[in-house]
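Please read the points below with the sequence and the model open beside you. They go from the conventions to one chain, and then to the place where two chains meet.

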Amino acid sequence: MPDQIKLQHGATPWTPTRDAEVLETFVHYDFPRVGIVRQGDESYVFACLDEYGTVGLWGYAAVARDEVVTLRDSRDKLVGYFAATQNPITLALADADRGIFHSASFVRRAGGSFLDAAVDSILAALEELRKRQELSGAPG
Amino acid sequence: MARLPDLVAHDGVTQYGRAQGRVLKFRCIPREAEAGISLIYGRVAIADAVALVLPFRAGVVRAGDAVRYSRVGRLRRAGFSVHRRPLPHFADHLEVEFDGLWDDEVCARFDGCFERPHVVEVGHA
């Protein structure tokens with residue numbers, strides 16, 4: 001199984017470490033939102049999954065090079081990638097001022113769906129943020 | 001990707017934005033390291049704008065999602081250049097650039113090019 005992507009707090013979500021490089025951008029709107037980023041020898045799908053006020057929820061999962069062509073050609077395959085992949089998924093919260101400021105990785109549970117795991121992960125992240133009052137005053 | 005027709009003055013454009021709290025936010029100045037501001041070719045509905053900008057949320061429109069409309073000619077008359085920047089999953093992506101310092105005055109001029117925004121109100125998502 002490929003390595004999980006490494007994320008540095010403070011980094012931009014589409015180049016989550018200093019050595020990361022965007023190989024392809026599939027969706028750009030003011031900034032890259034969906035594409036392929038290379039880190040070391042691995043390639044990863046990166047995607048802004050949603051936005052809440054100023055905070056973006058980003059997802060990452062390793063992708064084989066021969067799958068990239070499929071994702072470039074098929075919007076359905078791209079949008080369904082996180083649900084379909086068996087690779088570990090990493091989620092991150094980021095905003096323009098702080099870059100990535102929270103992340104959580106998980107491996108799909110046997111019989112569990114991506115959605116279940118993602119919801120658990122994000123609820124835990126948001127609870128931690130609430131405790132730290134990092135979202136105080138920010139619209140949800 | 002097939003070559004798309006050149007932009008002409010009467011072509012409509014859409015900017016996607018979002019309410020942050022009670023304030024409706026549309027980008028009017030690029031952030032550092034951004035070449036310009038993104039727009040969508042044509043006058044597209046809020047749900048269609050969401051599907052293009054946030055494809056993983058396609059089909060889900062939330063309170064606070066918003067769009068505003070302008071035309072290529074209006075932006076050009078205000079001193080901006082408008083270019084197609086098509087992408088594999090966003091063929092109708094446009095970028096607005098300004099040759100000079102993009103300061104608050106230019107930001108206000110950019111805002112002035114747009115019609116009144118349309119926004120999804122709370123309870124209507």
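1. A residue is called buried when its relative accessible area is under 20%, exposed when it is over 50%, and partly exposed in between, with a 1.4 Å probe and protein chains only. By that rule Glu95(B), with a relative accessible area of 8%, is buried.

2. Some conventions come next. This is a predicted model, in which local features need pLDDT of at least 70 and side-chain atom pairs count only at pLDDT 80 or more, while totals for chains, interfaces and linings use all residues. Residues are numbered from 1 along each chain as its sequence is written, chains are lettered from A and ligands numbered from 1 in the order in which they are written, and side-chain values use heavy atoms, with hydrogens and water left out.

3. Chain B contains 3 helices and 7 strands, where helices (H or I, at least four residues) and strands (E, at least two) are DSSP runs numbered from the N terminus. Read from the N terminus, the order of these elements is β-β-β-α-β-α-β-β-α-β.

4. How does the radius of gyration of chain B agree with that of a compact globule? For 125 residues such a globule would have a value near 14 Å, and chain B has 14 Å, which agrees; the radius is taken over C-alpha atoms, and the globule rule is 2.2 Å times the number of residues to the power 0.38. The C-alpha trace of chain B spans about 40 × 35 × 30 Å along its principal axes, and 47% of its 125 residues count as buried.

5. Contact here means heavy atoms within 4.5 Å. Of the contacts in chain B with a separation of 6 or more, 72% are accounted for by residues 24 or more positions apart.

6. In chain B, helix 1 (residues 46–53) has 6 buried residues out of 8, so this helix is largely enclosed by the rest of the structure. The buried residues are Ile46(B), Ala49(B), Val50(B), Ala51(B), Leu52(B) and Val53(B).

7. Where the chains meet, 28 residues of chain A are in contact with 28 residues of chain B. Together the two chains bury about 2,400 Å², 57% of it on carbon and sulfur atoms, where buried area is the accessible area (1.4 Å probe) that two parts lose on being put together, summed over both. Tyr29(A), Asp30(A) and Arg75(A) supply 31% of the area that chain A buries against chain B, more than any other three residues.

8. Asp30(A) deserves a separate look. This residue sits in the loop between strand 1 (21–29) and strand 2 (31–39) of chain A, and is buried at a relative accessible area of 7%. Not counting residues up to four places away in sequence, Asp30(A) touches Arg27(B), Glu34(B), Gly36(B), Ile37(B) and Ser38(B).

9. Most residues other than glycine have a negative phi. Asp30(A), however, has a positive phi near 70°, and Ala33(B) has a positive phi of about 75° although it is not a glycine. Ala33(B) lies in the loop between strand 2 (23–25) and strand 3 (37–41) of chain B, and is exposed, with a relative accessible area of 86%.

10. Phe31(A), in strand 2 of chain A, counts as buried at 12% relative accessibility. Leaving out residues up to four places away in sequence, Phe31(A) touches Trp14(A), Glu51(A), Trp58(A), Arg27(B) and Glu34(B).
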